[in-house]
Amino acid sequence: MADIARMAGVSESTVSRALAGSSRVAAATRTRIAELASAARYTVNEGARSLRLGRTRTVEVLIPIEPDNPQSISDPFFLDLLGAIADALTARGYDLLLSKSPPWGGSARGNSLVSGRADGLIIIGQGQRLKELRELTRAHRQIVVWGAHLANEDYTIIGGDNREGGRLACAHLLGLGRRRIAFLGDPSLPEIQERHQGYREALLAAGLESDPALVAPTKFDSEGAFVAAQSLIARAPDVDGVVAASDVIAMSVISALAQAGRRTPADVGVVGYDDIFSAAWFNPALTTISQSIHRGGEALVEALFARMAGQPAASLLRPAQLIVRASCGALALTKTKKGSRRSNP
């Protein structure tokens, strides 16, 4: 920096301001300094700048993976949401730090906000350790959480309307004439518990009771979901509809049905959840509940930056949307009806 200042005939502080884009430096001077820096291949030491300014221009995204939860960061839902968050952070000149080790217990080593590795923290999913999560968010303002909207929670939550999403999925299958509708997911997780509750409400509205034999608890991993689906098919061979708590689970269900000689959607209609990128390209294409993942990622970043600036950031419940494709049978039914009208004018 001293060399650049000497060549430009200005002070080092002016060089620093110019390279930071400060309007306190005349435009012509900023241009001259930028040209000299480029010619000299000068780069700013971001670590030193962060120490001096007291900020890292980095946001940590935490996907808390607990020992009893085999879900992986490579889950397509996480990848889609991470992409949306990364786009929103890049637009603001921030980097993304990805982590899967939650700082429960207050360890300064594991807490990026205390250690100074990040300016803010986005947590994807509330998991089962709500007490620890609550304590962390009370200790640090610059945190937002993606997940279910729970009663009496005082941290900022961005997430979809899981209860309505579960209700929409089940009601759609009921409207197609399905009556033995199963639910696959882990109701011990807050988000999935809400989806399961919506599923039960749709059954009740249709005058049906929720049959425990049609509820198959499973994590989000493909292998575990496939085994759970096999067990469900064995004990409930008359199942004709499935509400899956994620698209990954829905894909495993369809594979298990095929192995058992059951056709999707002719024999069993399936509705997934999340509307990940690959849902539209699966065979059959997945009917699913969209959480508007890209907009959700933007909303997380917007809320976090408000909190980092000391401003209020209200929780946001994004509406659930049913995306109808082939796996539920609605498209085939529509084609059949249209064909009937054509043959019987």
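Biologist: Which residue of β4 is the bridge partner of Ile122, and which is that of Ile124?

Modeller: For Ile122 the bridge partner is Val144. For Ile124 the bridge partner is Trp146.

Biologist: What is the handedness of the β-α-β crossover from β3 to β4, and what angle does the direction of α7 make with that of β4?

Modeller: Between β3 and β4 the chain passes through helix α7 (residues 130-139), and the crossover is right-handed. Helix α7 packs on the sheet, where it touches both β3 and β4, and the angle between its direction and that of β4 is about 145°.

Biologist: Are the residues on the two faces of strand β4 buried or exposed?

Modeller: In a regular strand the side chains alternate between the two faces of the sheet. In β4 (residues 143-146), Ile143 and Val145 lie on one side, with Val144 and Trp146 on the other. Both faces are covered, and these four residues are all buried.

Biologist: In what order do the strands of the open sheet with parallel pairing stand, and why is one side of β2 and of β11 left without a neighbour?

Modeller: The open sheet has six strands, paired in the parallel sense, in the order β2-β1-β3-β4-β5-β11. Its edges are β2 (95-99) and β11 (316-318), and because each has a single partner strand, one side of each is left without a neighbour in the sheet. From one strand to the next the twist averages 20°.

Biologist: Which residue of β5 is the bridge partner of Val145?

Modeller: Strand β5 (residues 157-160) pairs with β4 over two bridges, in the parallel sense. In β5, the bridge partner of Val145 is Ile157.

Biologist: Which strands are at the edges of the open sheet whose pairing is mixed?

Modeller: This sheet also has six strands, in the order β7-β6-β8-β9-β10-β12, and its pairing is mixed. Strand β6 (residues 181-184) runs parallel to β7 and is joined to it by two bridges, with Leu184 and Ala216 as bridge partners. The strands that pair on one side only are β7 (215-216) and β12 (321-323).

Biologist: At what angles to β9 do α8 and α11 run?

Modeller: Helix α8 lies across β6, β8 (241-244), β9 (269-274), β10 (287-290) and β12, and its angle to β9 is about 165°. Helix α11 (residues 247-259) lies across β6, β8, β9 and β10, and its angle to β9 is about 155°.

Biologist: Why does His172 count as buried?

Modeller: His172 has its place in helix α8 (residues 162-175). Beyond its neighbours within four places in sequence, its contacts are Val271, Thr287, Leu322, Val324, Cys328 and Ala330. Buried means under 20% relative accessible area, so His172 counts as buried because its relative accessibility is 15%.

Biologist: How far apart are the end C-alpha atoms of α12?

Modeller: Helix α12 (residues 293-308) has 16 residues, which at 1.5 Å a residue should span 22 Å. This expectation agrees with the model, in which the end C-alpha atoms are 23 Å apart.

Biologist: Over which residues does pLDDT stay under 50?

Modeller: The protein chain averages a pLDDT of 88, and 89% of the residues score at least 70. Where pLDDT is low, the predicted coordinates should not be read in detail. The stretch with pLDDT under 50, which has zero contacts beyond four places in sequence, is residues 340-345.

Note on methods:
Residues are numbered from 1 along each chain as its sequence is written. This is a predicted model: local features need pLDDT of at least 70, side-chain atom pairs count only at pLDDT 80 or more; totals for chains, interfaces and linings use all residues. Side-chain values use heavy atoms; hydrogens and water are left out. Buried means under 20% relative accessible area, exposed over 50%, partly exposed in between (1.4 Å probe, protein chains only). Two strands pair if DSSP finds at least two bridges between them. A crossover is right-handed if, with the strands pointing away from the viewer, the path from the first strand over the helix to the second runs clockwise. pLDDT is the predictor's confidence in each residue, from 0 to 100. Contact means heavy atoms within 4.5 Å. The expected span of a helix is 1.5 Å times one less than its number of residues. Axes are lines fitted to C-alpha atoms, for helices over the stretch in contact, and angles run from 0 to 180 degrees between N-to-C directions.
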